[in-house]
Amino acid sequence: LQEIKEKETAMADFGRWAAMSTREQEEVRSAHHQSGEHLKTLLLFASGAIHLLNFTTEEIAAPFLLPEMVDRVASMLNYFLKYLTGSERRKLAIKEPEKYSFKPRELLQSIMRVYVQLAAADTKGAFARAVAADERSYSSQMFPEAMRVLVSSGMLDPASQARMEQLMMQVRGLMVHACPGQPG
């Protein structure tokens with residue numbers, strides 16, 4: 001996405017674009033097209049994987065809550081959520097995202113459903129602990145921002161919002177106990 005954005009920016013900068021030779025312009029267009037095709041394929045695979053995870057955790061969450069898996073799943077979800085809700089998301093803003101099958105709100109909705117489904121199936125609190133323990137990607141701002149985006153676009157029903165808020169509070173509580181004196 002970042003490479004596509006850089007090419008779009010170069011092509012939109014009329015002064016810079018005009019200063020390029022015809023050959024350089026064609027190289028940029030060609031690289032943009034190739035990057036776009038590659039991106040489209042990657043996004044389709046990524047979207048498919050998240051939708052499959054969403055579907056699977058809806059039916060059978062237990063394997064994802066096993067001690068061997070729960071930390072990895074939480075870290076993966078946190079990593080994606082960080083990019084979709086944090087300051088990094090500006091890097092994801094491209095012209096015509098639908099051209100590349102990039103649907104960030106739908107991706108965010110699917111990821112949030114996985115969080116909710118795993119939290120609902122987790123009777124021991126392992127998933128919330130794993131989310132809170134992820135020092136690489138977890139931020140206390142992720143869940144509120146995700147909910148804000150989804151609620152404002154009408155993509156989060158009240159029941160899911162309540163379950164998400166419950167997980168958010170559980171994770172914050174774990175963070176406060178793990179780091180007394182630090183905001184959750």
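Buried here means under 20% relative accessible area, exposed means over 50%, and partly exposed is anything in between (1.4 Å probe, protein chains only). You're looking at a predicted model, where local features need pLDDT of at least 70 and side-chain atom pairs count only at pLDDT 80 or more, while totals for chains, interfaces and linings use all residues. Residue numbers run from 1 along each chain as its sequence is written, and side-chain values use heavy atoms, with hydrogens and water left out.

**Stop 1: helix H6**

Select residues 126–133, which make up helix H6. Helices are DSSP runs (H or I, at least four residues), numbered from the N terminus. How many of the eight residues of H6 are buried? Six are, so by the cut-off of under 20% relative accessible area the helix is mostly covered. Colour Ala126, Phe127, Ala128, Ala130, Val131 and Ala132 to see the buried ones.

**Stop 2: the largest pocket**

Next, pick Leu43, Ala46, Phe80, Phe102 and Leu107, the lining residues that lie nearest the centre of the largest pocket. A pocket is an open set of points on a 1 Å grid over the protein atoms alone, where a 1.4 Å probe fits, with protein on both sides within 12 Å along at least five of seven lines; lining residues have an atom within 4 Å of a point. The space in this one comes to about 430 Å³, a volume being the space filled by probe spheres set on the points, which are joined across faces, edges and corners.

Now show helices H3 (22–59), H4 (70–85) and H5 (104–121), each of which supplies at least two residues of the lining. The largest share, eight residues, comes from H3. Altogether 20 residues line the largest pocket. By class, they split into 15 nonpolar, three polar and two charged. For that tally, Ala, Val, Leu, Ile, Met, Phe, Trp, Tyr, Cys and Pro count as nonpolar, Asp, Glu, Lys and Arg as charged, and the others, Gly among them, as polar.

**Stop 3: the second largest pocket**

The second largest pocket has a volume of about 360 Å³. Select Leu84, Arg89, Pro104, Arg105 and Val149, which are the closest to its centre among the 14 lining residues. Which helix gives the most to the lining of the second largest pocket? That's H5, with four residues. The lining has ten nonpolar residues, no polar ones and four charged ones.

**Stop 4: salt bridges**

Side chains of opposite charge can pair when their charged atoms come close. A salt bridge is counted when a side-chain nitrogen of Lys or Arg is within 4 Å of a carboxyl oxygen of Asp or Glu, and that rule gives three.

Glu27 is partly exposed, at 43% relative accessible area, whereas Arg23 counts as exposed at 64%.

Stay in H3 for Arg29 and Glu26, three residues apart, about one turn of the helix. Their side chains meet at 3.6 Å, N to O. Arg29 is partly exposed at 39%, and Glu26 is partly exposed at 46%.

Finish in helix H7 (residues 142–152), where Arg148 and Glu145 lie three residues apart. Their salt bridge has an N to O distance of 2.6 Å. Is Glu145 buried or exposed? At 15% relative accessibility, Glu145 counts as buried, while Arg148 is partly exposed at 46%.
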